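This report describes selected features of one protein model with its ligands. The sequence and coordinates are shown first.

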Amino acid sequence: MSDHSTNSEIAAPSAEDVVLTADNLVVEFRSGHRTVHAVSGVSFAVRRGETLGLVGESGCGKSTTGRALVQVQAPTSGRVVYQGQDLGQLSRRKLRQVRTKIQMIFQDPISSLNPRRRVRDIVAEPLTIWRRGTKKERAAQVREMLEAVGIDPDAAGDRRPQEFSGGQCQRISIARALMADPDLLICDEPVSALDVSVQAQILNLLADLKEKFGLTMVFIAHDLAVVKNVSDRVAVMYLGKLVEVAGSDDLYRAAAHPYTEALLASIPEPDPDHATDHKALSGELPSPLNPPSGCRFRTRCPYAQALCAEQEPPLRDIAPGHQVACHFPLVGGSVGDSAAATPLEASGVRPSPDPVPVEIDV
Ligand SMILES: Nc1ncnc2c1ncn2[C@@H]1O[C@H](COP(=O)(O)OP(=O)(O)OP(=O)(O)O)[C@@H](O)[C@H]1O
Ligand code: SF4
Ligand SMILES: [Mg+2]
């Protein structure tokens with residue numbers, strides 16, 4: 001087992017109203033005689049009413065983290081605490097009850113809906129399972145919820161999922177999740193399987209419903225541009241670890257981790273006058289069967305030094321609400337922020353090929 005001790009230091013915001021905490025979450029899978037280190041000591045707190053984005057490239061452990069949060073995937077170690085309750089310690093019955101409060105929306109809405117059931121029965125499922133209300137009350141609630149997600153209950157109620165488009169199926173999935181009366185929605189790539197033309201509609205719908213139902217959200221995606229637009233804070237994940245956590249604007253303006261910088265470089269910049277000198281990502285994600293020693297990003301990091309192979313950088317505060325796991329965090333953030341750039345930076349050249357170490361509180 002690898003050392004998970006150092007990447008787990010995001011302090012839960014003490015004065016904040018925290019809904020859910022992941023505490024040193026580890027998820028490992030056996031693969032023959034080997035171990036897949038999918039999630040390796042991830043900690044974060046989700047504050048009431050916020051949208052926390054979780055971003056990273058394919059295979060970095062986002063879905064596994066999301067599944068561990070709802071305990072669909074039992075963590076190998078670590079805790080998930082929801083409203084003060086350690087989910088791993090609950091009886092099966094109690095866990096089933098608590099799980100209704102944490103609902104997940106998946107990438108592929110069509111396969112997550114039972115093709116044999118009618119839409120009104122699918123959406124009513126949480127009410128029927130928990131025997132909430134009379135038949136008439138349930139029918140009225142289903143009607144109201146379908147309307148809330150933009151589906152006409154009269155036209156759609158008796159039809160089955162395959163008669164709908166991906167976007168409509170995602171609306172139905174969202175309606176079903178909300179029928180359970182959740183506090184927290186975990187959205188795992190909810191728009192990446194949809195046509196670009198409907199992605200914005202679903203994102204806007206989620207934002208409206210969040211407001212209407214007073215939800216808290218964890219929004220998982222591989223696209224930092226999408227995550228940034230919908231999130232209050234963003235946690236960046238690389239090969240099973242969190243590497244940077246910051247307010248959405250701070251992250252965009254002043255990314256401190258070279259991996260975040262590389263993700264930002266992959267976002268097309270429509271205005272050439274604001275082009276940045278962010279270093280693009282190269283190479284492949286290493287195998288989670290055998291993650292690199294020290295900093296897991298070191299094999300692709302343009303700033304790696306000897307220390308990076310020897311010691312794992314802990315996640316530490318570099319500014320209020322901004323944490324980074326890097327021995328040599330970048331300073332100045334986006335060079336697109338010309339006010340902060342030196343003349344050399346403004347010319348598009350980094351002042352030094354070496355990263356600039358920053359004083360950090362341990
Ligand atoms: N049940 C499993 N058994 C073995 N390995 C698994 C299992 N589930 C996930 N993995 C591995 O764990 C790692 C993380 O997978 P995960 O699906 O969490 O990544 P992800 O960030 O959600 O990727 P994507 O963006 O492609 O959805 C991957 O290497 C994946 O192959
Ligand atoms: S500078 Fe070192 S610690 Fe920081 S991301 Fe690069 S390899 Fe990792
Ligand atoms: Mg995934």
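Leaving aside residues up to four places away in sequence, Gln-199 touches Val-191, Ser-192 and Leu-194. The model is a predicted one, and the values below are computed from it. One of these neighbours also takes part in a polar contact: a polar atom of the Gln-199 side chain lies 3.2 Å from the backbone oxygen of Leu-194. Is Gln-199 buried or exposed? Its relative accessibility is 18%, and because buried means under 20%, Gln-199 counts as buried.

**Helix α7**

Gln-199 belongs to helix α7. This helix runs over residues 196–213 and has 18 residues. From the first C-alpha to the last, α7 reaches 26 Å, close to the 26 Å expected at 1.5 Å a residue. Besides Gln-199, the buried residues of α7 are Ile-202, Leu-203, Leu-205, Leu-206, Leu-209 and Lys-210. Viewed down the helix axis, the buried residues of α7 fall within an arc of 160 degrees, so they line one face of the helix.

Which elements cover the buried residues of α7? The cover includes the strands β3 (51–55), β7 (184–188) and β8 (216–221), together with the helices α4 (135–148), α6 (166–179) and α8 (224–230). On the face turned away from the buried side, α7 carries the exposed residues Ser-197, Asp-208, Glu-211 and Lys-212. Gly-214 follows α7 and has a positive phi, near 60 degrees.

**Ligand 1**

Ligand 1 is surrounded by 13 residues, of which Ser-58, Gly-59, Lys-62, Ser-63 and Thr-64 are the closest.

| Residue | Polar atom of the residue | Distance to an oxygen atom of ligand 1 |
|---|---|---|
| Ser-58 | side chain | 2.5 Å |
| Ser-63 | side chain | 2.9 Å |
| Gly-61 | backbone | 3.0 Å |

Gly-61 contributes a polar backbone atom.

**Ligand 2**

Around ligand 2 there are 13 residues, and those that come nearest are Cys-295, Cys-301, Cys-308, Cys-326 and His-327. What is the make-up of this shell by class? The shell around ligand 2 has 10 nonpolar, 2 polar and 1 charged residues.

Methods:
Residues numbered from 1 in each chain as written. Chains lettered and ligands numbered in written order. Predicted model: local features only at pLDDT ≥ 70, side-chain atom pairs only at ≥ 80, totals over all residues. Heavy atoms only, no water. Near = heavy atom within 4 Å. Nonpolar A, V, L, I, M, F, W, Y, C, P; charged D, E, K, R; others polar. Helix = DSSP H or I, 4+ residues; strand = E, 2+ residues; numbered from the N terminus. Expected span 1.5 Å × (residues − 1). Buried < 20%, exposed > 50% of the residue type's maximum accessible area, 1.4 Å probe, protein only. Arc of directions from axis to C-beta. Contact = heavy atoms within 4.5 Å. Polar contact = N/O pair within 3.5 Å; in protein donor to acceptor, adjacent residues only side chain to side chain.
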